[in-house]
Amino acid sequence: MKRTDFKLDKMKNKCIGILTSGGDASGMNATIRAVTRAAIYNGFQVKGIYRGYEGLIAGEVKELTTEDVSSIIQRGGTILKTARSEAFTTPEGRKKAYDVLRKEGISSLIIIGGDGSLTGARIFANEYDDIICIGLPGTIDNDLYGTDFTIGYDTALNTIVECVDKIRDTATSHDRIFFVEVMGRDAGFLAQNSAIASGAEAAIIPEDRTDVDQLEKFIGRGFRKTKNSSIVIVTESPKDKNGGAMYYAERVKKEYPQYDVRVSILGHLQRGGAPSAYDRILGSRLGEAAIQALLEDQRNVMIGIRNNEIVYVPFAEAIKNDKPLDKSLIRVLGELSI
């Protein structure tokens, strides 16, 4: 449904809504702070929407002031809470959300989230073109096309490396092979880069499917010949759907029963904690850039960063295109893990 008959006078209605959606990511609070303060600085009113699209449908909206976002830049998670919303995937749910925005006088909506959140924003923007939607990439998976980094990725990466460093100690002490499962959905950015940074022997990622021969090569080269312990980083949900770290650990137990194998699934440990300095800066830059985009009459775009420059990426481009992983990283890990 198009609502082109409802035109907002920007000088009379300068109210921005902001929400966080999908999985939480460290740096979201830094982004909320930046959006709020940059908006107020530029004469906008800001309203926080709690629990993502689900809270929007339910009308959980509160005005935000500068004081409301004080002392949150260092906090993980999101003060606005987050939730996944089945209702927002339906036309009826989006109509309720639209009615809440109209009631609250919100003319622009800033969405911090990942692929699913921006997909919802794109559909909503197409149905109600009097609401300007701006997306900010908030996901630890780093899988959104058009931006070099997403909010939360750097913190999660550093958390994984810290955990693997600790696992290395016990792996070495007991002559074990550890399969460490990390998040990433269908993208291997976390697994590949944490493997390089932690000195792991291998990474099993969706972009580089590992079959029996590759596993045999790893066992023969990295474990039998030169090492008494090994660590393999595995993406939680590889595209081959073999089942992550547990699958590969069971295979090694069956094919190489002489080896002591353990599995460590890091899980939601990767999401929490104080954001890194990089994620605080990234969230601040992208949040401020979202307000600049509104001032420039941009609409229905994701704010990204490429080569350290702010860019505007159309929703369709950010969502539909797969973000490529630099395949040279696979070579680097292979050469350095001998």
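1. The axes of α5 and helix α6 (residues 189-198) cross at roughly 50° and come within 9 Å. Angles under 35 degrees count as roughly parallel and 65 to 115 as roughly perpendicular, with over 145 taken as roughly antiparallel and the rest as oblique; α5 is therefore oblique to α6. The crossing of these two helices, α5 and α6, is right-handed. The model is a predicted one.

2. On the α5 side, the residues that meet α6 are Tyr153, Ala156, Leu157, Ile160, Val161, Val164, Asp165 and Arg168. On the α6 side they are Phe189, Leu190, Asn193, Ser194, Ala197 and Ser198. Sorted by class, the contact of α5 with α6 consists of nine nonpolar, three polar and two charged residues.

3. Helix α6 also packs with helix α11 (residues 328-336), at an angle of about 35° and with the axes 10 Å apart. The crossing of α6 and α11 is left-handed, whereas that of α5 and α6 is right-handed. From α6, the contact with α11 takes in Gln192, Asn193, Ala195 and Ile196; from α11, it takes in Leu329, Ile330, Val332 and Leu333. Six of the residues in the contact of α6 with α11 are nonpolar and two are polar, with no charged residue. Asn193 is listed in the contact with α11 and also in the one with α5.

4. Four strands form an open sheet in the order β7-β8-β6-β9, and the pairing is parallel. Its edge strands, each pairing on one side only, are β7 (202-204) and β9 (260-265). On average, neighbouring strands of this sheet are turned by 20° against each other, direction ignored.

5. Strand β6 (residues 176-182) runs parallel to β9, and six bridges join the two. Phe179 has Val263 in β9 as its bridge partner. Helix α5 (residues 153-174) packs on the sheet, where it touches β6, β8 (230-235) and β9. The direction of α5 makes about 160° with that of β6.

6. A separate point concerns Thr31, which lies in helix α1 (residues 28-41). Its relative accessibility is 0%, so Thr31 counts as buried, the cut-off being under 20%. With neighbours within four places in sequence left aside, Thr31 is in contact with Ile112, Leu136, Ile151, Gly283 and Gly287.

Conventions. Residues numbered from 1 in each chain as written. Predicted model: local features only at pLDDT ≥ 70, side-chain atom pairs only at ≥ 80, totals over all residues. Heavy atoms only, no water. Pairing = 2+ DSSP bridges. Axes fitted to C-alpha atoms, helices over the stretch in contact; angles between N-to-C directions. Contact = heavy atoms within 4.5 Å. Left-handed = near helix turned anticlockwise from the far one by under 90°. Nonpolar A, V, L, I, M, F, W, Y, C, P; charged D, E, K, R; others polar. Buried < 20%, exposed > 50% of the residue type's maximum accessible area, 1.4 Å probe, protein only.
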